[in-house]
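Hi,

Here is the model I said I would pass on. Have a look at it first, and my notes follow below.

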Amino acid sequence: MLAMKGEFGMAGILAATLALAPVVEAVELVRDGQACSVIVLADKPSPSARAAGNLLVEQIRRVSGAEIRQVRESKLDAASGLARILVGQSGMTRQLGALPDDLGPGGILIRTYPEALVLLGTDESTPGDPTG
């Protein structure tokens, strides 16, 4: 039961944050139950980013029925035409200037770009909370 509480807590935090975040660019993730986006992780993602990507795949499937795939950034097919959900710090997030450097304890960064949604948080490489 504890895992379920954590899942719902994470989903609730994400929903509340998305509701409060100003929308700069619309990024379509799913249309008519079909994925029109892909989750992109660094080639060597942190354990936190890997877990977040897996959780996001599951939550999107539960809500929409769509199966969104995960790829490593070096394996991303640029011609796919799919929107990108960049989870965790990577070369692509650094190129966009989306960095977790100024996040406080438990902080998250959610930012949209044309055809991309960036989701970053503190983790082992950028600890915002020394107690985890």
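First, a definition: helices (H or I, at least four residues) and strands (E, at least two) are DSSP runs, numbered from the N terminus. Keep in mind that this is a predicted model, where local features need pLDDT of at least 70 and side-chain atom pairs count only at pLDDT 80 or more, while totals for chains, interfaces and linings use all residues. Residues are numbered from 1 along each chain as its sequence is written, and side-chain values use heavy atoms, with hydrogens and water left out.

On the overall layout, the protein has three helices and seven strands, in the order α-β-β-β-α-β-β-α-β-β along the sequence. Of its 132 residues, 32% are buried (under 20% relative accessible area; exposed is over 50%, partly exposed in between, with a 1.4 Å probe and protein chains only). If you take contacts (heavy atoms within 4.5 Å) between residues at least 6 apart in sequence, 62% of them join residues at least 24 apart.

Now the charged pairs. Searching the whole structure turns up three salt bridges (a side-chain nitrogen of Lys or Arg within 4 Å of a carboxyl oxygen of Asp or Glu). Helix α2 (residues 47-64) holds both Arg 61 and Glu 58, three residues apart, about one turn of the helix, and their side chains form a salt bridge at 2.4 Å, N to O. Glu 58 also pairs with Arg 62, with the closest N and O atoms 3.1 Å apart; these two are four residues apart in α2, again about one turn. Glu 28 is partly exposed at 39%, and so is Arg 31 at 46%.

Next, the interior. A nonpolar core here is a set of buried Ala, Val, Leu, Ile, Met, Phe, Trp, Tyr and Cys residues joined through side-chain atoms within 4.5 Å. The largest one has 13 residues, and Val 40, Leu 76, Ala 98, Leu 109 and Val 118 make the most contacts inside it. At least two residues each come from β3 (37-41), β6 (108-113) and β7 (116-121), with β7 giving the largest share, three residues. A second, separate core of 11 residues includes Ile 39, Leu 41, Ile 68 and Ile 85. Beyond its neighbours within four places in sequence, Val 40 touches several residues, among them Leu 76, Arg 84, Ile 85 and Met 92.

Last, a pocket (on a 1 Å grid over the protein atoms alone, an open set of points where a 1.4 Å probe fits, with protein on both sides within 12 Å along at least five of seven lines; lining residues have an atom within 4 Å of a point). The second largest pocket has a volume of about 170 Å³ (the space filled by probe spheres set on the points, which are joined across faces, edges and corners). Of its 12 lining residues, Arg 84, Met 92, Pro 114, Glu 115 and Ala 116 are the closest to the centre. β5 (83-87) and α3 (91-96) each give two or more residues to the lining, and α3 gives the largest share, three.

Best wishes
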